[in-house]
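Please consult the sequence and the structure shown here.

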Amino acid sequence: MERFEGKVAVVTGAGAGIGKACALAIAREGGRVVAADIDGPAAIACIEQIAAEAGNALALAMDIADAHAVAALFETAERHFGGVDLLVNNASAMHLTPLDGAILELDLAVWDQTMATNLRGTLLCCRQAIPRMISRGGGAIVNMSSCQGLSGDTALTSYAASKAAMNMLSASLATQYGHAQIRCNAVAPGLIMTERLLAKLDECMHRHLHRHQLLPRVGRPEDVAALVAFLLSDEAAFITGQVVCIDGGMLAHVPTYADGGNSRAARTAGETAEFAAAPRN
């Protein structure tokens with residue numbers, strides 16, 4: 001399947017994890033990819049993998065919080081590949097999340113830096129992409145949100161607020177530019193086991209989160225990339241302005257699910273799966 005033959009995609013945060021998986025998925029289906037990341041060597045490693053699979057890609061080291069760098073990114077994409085048809089806004093200030101606490105303890109510098117990257121950076125990329133997409137007859141944008149932007153938590157205040165705002169930015173963009181054949185959707189991942197998450201997630205928290213999965217495994221970057229590729233493709237031509245969760249059912253259940261739900265008997269994730277599969281009279 002070559003769903004992106006003749007298309008040019010910009011993917012930010014493409015050096016690792018979900019962003020890299022998205023860049024690879026687009027390239028594997030014929031798209032030409034500009035892989036942008038604040039980590040230049042990681043972006044280069046991404047396009048080297050694309051090249052090894054006979055794909056066509058360009059790496060660029062840049063910070064999406066910098067308006068001049070964002071403009072240069074899209075100018076480079078246009079100069080090398082002729083334009084921009086697809087955009088995946090995946091870059092995020094994940095390095096700040098360990099400092100992103102509850103409201104009263106939150107350092108405002110963390111808030112400002114998180115918003116500058118996650119929200120303002122996404123806006124900057126969209127502003128550069130939209131005119132180029134219009135000139136090519138339309139395009140598709142996917143903004144990488146999070147389940148954190150759909151539910152409250154005891155920490156990650158800045159991150160959650162930025163992702164919630166990104167959902168509305170996506171709806172606004174879809175509303176304002178749908179007439180120009182530009183679609184925009186947000187994707188909200190749950191527990192996706194990226195390299196970065198593996199490095200910082202302790203076993204206790206892993207077990208805690210896993211208990212709330214309705215499916216018997218955690219997510220993989222490739223799961224999210226498959227959804228993103230679908231939303232960018234013509235198969236999703238009538239889908240716009242949506243926030244699509246990909247969370248293994250983490251936000252779909254009652255709060256007491258992991259403690260046994262209405263059975264009032266706590267169960268492990270494995271026991272929950274067995275209980276669900278058991279025959280009913």
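Is Arg132 buried or exposed? Arg132 is buried, because its relative accessible area is 13%, where buried means under 20%, exposed over 50% and partly exposed in between (1.4 Å probe, protein chains only).

The model is predicted, so local features need pLDDT of at least 70 and side-chain atom pairs count only at pLDDT 80 or more, while totals for chains, interfaces and linings use all residues. Residues are numbered from 1 along each chain as its sequence is written, and side-chain values use heavy atoms, with hydrogens and water left out.

**Salt bridges**

A salt bridge is a side-chain nitrogen of Lys or Arg within 4 Å of a carboxyl oxygen of Asp or Glu. The count comes to 9 salt bridges.

| Pair | N to O distance |
|---|---|
| Arg132 and Glu78 | 3.1 Å |
| Arg207 and Glu203 | 4.0 Å |
| Asp223 and Arg220 | 3.9 Å |

The pair of Arg132 in helix α4 (residues 108–135) and Glu78 in helix α3 (residues 67–81) links distant parts of the chain, 54 residues apart. Helices (H or I, at least four residues) and strands (E, at least two) are DSSP runs, numbered from the N terminus. Glu78 is partly exposed, at 35% relative accessibility. Arg207 and Glu203 are separated by about one helical turn because they lie 4 residues apart in helix α7 (residues 203–210). Arg207 is partly exposed at 47%, as is Glu203 at 49%. Salt bridges with shared partners also join Arg3, Glu29 and Glu235 into one network.

**Nonpolar cores**

A nonpolar core is a set of buried Ala, Val, Leu, Ile, Met, Phe, Trp, Tyr and Cys residues joined through side-chain atoms within 4.5 Å. The largest core has 35 residues; among those touching the most other members are Val11, Cys22, Ile26 and Leu232. Elements giving two or more residues to this core include β1 (8–12), α1 (17–28) and α8 (221–232). Its largest share, 8 residues, comes from α1. A second, separate core of 27 residues includes Val10, Cys125, Ala129 and Met133.

**Cysteines**

A search of the whole structure finds 0 disulfides, a disulfide being a pair of cysteine sulfur atoms within 2.5 Å. For Cys22, the nearest cysteine sulfur, that of Cys46, is 10 Å away. Cys22 is buried, with a relative accessible area of 1%. The sulfur of Cys147 is 4.4 Å from that of Cys245, its closest cysteine sulfur, and therefore too far for a bond. Cys147 also counts as buried, at 6%.
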